[in-house]
Amino acid sequence: MSIQDVRPGQGSGAGRGGSGCGRSGCGLGPGGGGGRGRGRGRVFDNGDLRLVILSLLAEKPRHGYEIIKALEERVGGGYSPSPGVVYPTLTLLEELGHASVSDERGGRKLYTLSKTGKSVVAGNRTVVSGILARIADAAAARGGPPPKVIRAMENLNTALRLRLEGQAASADQIRAIAAAIDAAAKAVEDV
């Protein structure tokens with residue numbers, strides 16, 4: 001089965017590079033699998049993730065991490081596909097000739113859509129639009145903070161974790177970090 005044959009709800013989704021969904025689908029909440037969900041319901045049907053990743057690559061070349069963040073943002077922060085789902089899917093797309101690695105620095109691969117991939121995206125434009133509309137509707141129905149705010153909070157959390165892990169921070173560095181966080185909190189209150 002080629003990616004062009006995959007429609008929502010079809011395809012095996014199993015094995016390396018599948019949609020990343022098991023029998024219970026890629027969802028939010030219990031039994032959903034495929035990512036770190038914080039709600040309920042199914043995010044991607046079998047084959048959907050591959051098509052959405054291709055559409056993201058059609059916008060611009062991206063690293064795997066950028067794809068994960070773009071998907072988080074589109075789903076409204078309620079779902080974050082794991083690297084164990086995204087990277088095998090990218091490898092599959094590369095093996096199918098739908099994407100290529102155009103640059104590799106420090107172990108980070110930059111994925112670019114191939115001519116074949118562009119034709120797959122063009123041939124599935126309606127399907128991709130439907131998938132994106134469905135996940136946008138689900139994100140809007142969940143409410144909560146806007147995706148950009150969730151992403152910014154997660155970036156702060158990651159920056160703190162990375163800075164404070166490994167090497168001990170000096171008392172001056174800890175004061176500076178606390179002051180930066182307090183200043184950010186004050187700026188948010190003043191908005």
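Helices (H or I, at least four residues) and strands (E, at least two) are DSSP runs, numbered from the N terminus. Colour the chain that way and you'll get seven helices and five strands. Along the sequence they read β-β-α-β-α-α-β-β-α-α-α-α.

Before zooming in, know that this is a predicted model: local features need pLDDT of at least 70, side-chain atom pairs count only at pLDDT 80 or more, and totals for chains, interfaces and linings use all residues. Residues are numbered from 1 along each chain as its sequence is written, and side-chain values use heavy atoms, with hydrogens and water left out.

**Stop one: the sheet.** Select β3, β5 and β4, an open antiparallel sheet in that order. Its edge strands, β3 (62–63) and β4 (99–105), each pair on one side only; pairing here takes at least two bridges found by DSSP between two strands. Now pick β3 with β5 (residues 108–113): two bridges join these antiparallel strands. Click His-63 and look across to Leu-110 in β5, which stands opposite.

**Stop two: Ala-58.** Go to helix α1 (residues 48–59), where Ala-58 is found.

Next, show Leu-113 and Val-121: Ala-58 touches both, not counting residues up to four places away in sequence, where contact means heavy atoms within 4.5 Å. Ala-58 and Val-121 sit 63 residues apart in sequence, yet 7.5 Å apart in space, C-alpha to C-alpha.

**Last stop: the whole chain.** Zoom out to the 191 residues, of which 36% are buried.

Technical notes:
Buried means under 20% relative accessible area, exposed over 50%, partly exposed in between (1.4 Å probe, protein chains only).
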